[in-house]
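Please read it alongside the sequence and the model.

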Amino acid sequence: MSARVWARQTDRLVAQAVLGSVALTWLVLVGIDAFMSLIGELGDVGKNDYGLGKAVTYILLTVPRRLYEMFGYAALIGGLMGLGALAGSGELTALRAAGLSKLRICASVALALLVLTVAVTAVGETLAPWGDQRAQALQLAAKSNDVTLAKGGSLWARDGDKVVSARRARTLDTPAGTTLELFGVRVFEFDAEGRLATLMLAARATHAGGRWQLHEARRTAFSADRADTTVSPLMDWDSRLDARLLSLSIVRTDYMSTRDLGRTVRTLERNGQLASRYREAYWKRIFYPFSVLVLAFCAMPFAFGALRSGGLAKRLFIGMVLAIGFYFLQSAIVSMGTVYGFHPVLANLLPPLLLIAAATAYFRRFG
């Protein structure tokens, strides 16, 4: 048997064991996450037009995003379990006895996961954002008859005899508490005969302390033969809009595609606004495939412990603990990078490099 054929058979054997375990682990993790979310939604069932069917539809629309979010954990745990199954049956021992190095076996695992990672990344850039936008629109429309999301994410709401439009919304944490902000605000007020009575334009509107305020506002009152305009840098807005309900219209950075995140970063920077949260999410998306593959590849050494000293369950547990630690480490380093002004590329690249160094040291000491 030629070396090439032997290598292909090895890759096929490892891929079948690893991908089967990854698929099972993935299904369990996504199922648990979706079920827990559905339980949380049951508390809102019965409010307005939000019934059980729409709650289930909402969860189903978010499944692509949950698949994307859980894949890293599934790749790690499933990879370890797949190699562990090969070790338990003696096949991993046979591969090692045949002269296959640990590095080559780990490369087979990475190769199997690479194809799946590409597919999952594509889902995260297409189906996941689409599903979440549809889920948000469904939830918002069902829970309120006065608020809706238009195509492109713009917000429309009815406020008594007024109609309010906003290009986008976001929440902002301040020392005084959480503030809801609406950008590109337009307020149309109509008279009893349906004619436009006043039009208010504002760069943004903020809700804090139970009241609304318009910033950089322009109010135009229309009469039969004239229009009077008032300009004010800050104007109180007598509105009954429910800030809690409007917060449902906010598209979280986790739900946005890389292209949308990049466009948002450029827009905010061009307008002199803070874009750190979106920039952090953008570079996290860029490094997502690399982080997943590095994590899975570097965790594989823990599966080889059964070849020599047993205790595979212990080593798998250690591997999973280190994986969770890696995600905490990554979040901490990225956040510190934002605070201290590190370049996002460096902040996102440093955790995988540290993991590679730790795995290399483990290989040399216990390999």
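**Note on the predicted model**

1. Of the chain's 367 residues, 42% count as buried, where buried means under 20% relative accessible area, exposed over 50%, and partly exposed in between (1.4 Å probe, protein chains only). The model is a predicted one, in which local features need pLDDT of at least 70 and side-chain atom pairs count only at pLDDT 80 or more, while totals for chains, interfaces and linings use all residues. Residues are numbered from 1 along each chain as its sequence is written, and side-chain values use heavy atoms, with hydrogens and water left out.

2. The secondary structure comprises 12 helices and eight strands, taken as DSSP runs numbered from the N terminus (helices H or I, at least four residues; strands E, at least two). Among contacts (heavy atoms within 4.5 Å) between residues at least 6 apart in sequence, 60% join residues at least 24 apart.

3. The largest nonpolar core has 36 residues, of which Val-14, Trp-26, Phe-71, Leu-83, Leu-92, Val-109 and Leu-113 touch the most other members. Such a core is a set of buried Ala, Val, Leu, Ile, Met, Phe, Trp, Tyr and Cys residues joined through side-chain atoms within 4.5 Å. Two or more residues come from each of the helices H1 (3–42), H3 (63–88), H4 (91–97), H5 (102–125), H10 (288–299), H11 (312–340) and H12 (344–366). H3 gives the largest share, 10 residues. Another core, of 19 residues, lies apart from it and includes Ala-157, Met-200, Leu-214 and Ala-217.

4. Thr-62 lies in the loop between helix H2 (52–61) and H3, and is buried with a relative accessible area of 0%. Its side chain reaches the backbone oxygen of Ile-59 at 2.7 Å. Not counting residues up to four places away in sequence, Thr-62 touches Asp-132 and Ala-135.

5. Glu-216 deserves a separate remark. Its phi is near 55°, a positive value in a residue other than glycine. Most residues other than glycine have a negative phi. Glu-216 is found in strand E7 (residues 211–222) and is exposed, with a relative accessible area of 60%.

Note on methods
Polar contact = N/O pair within 3.5 Å; in protein donor to acceptor, adjacent residues only side chain to side chain.
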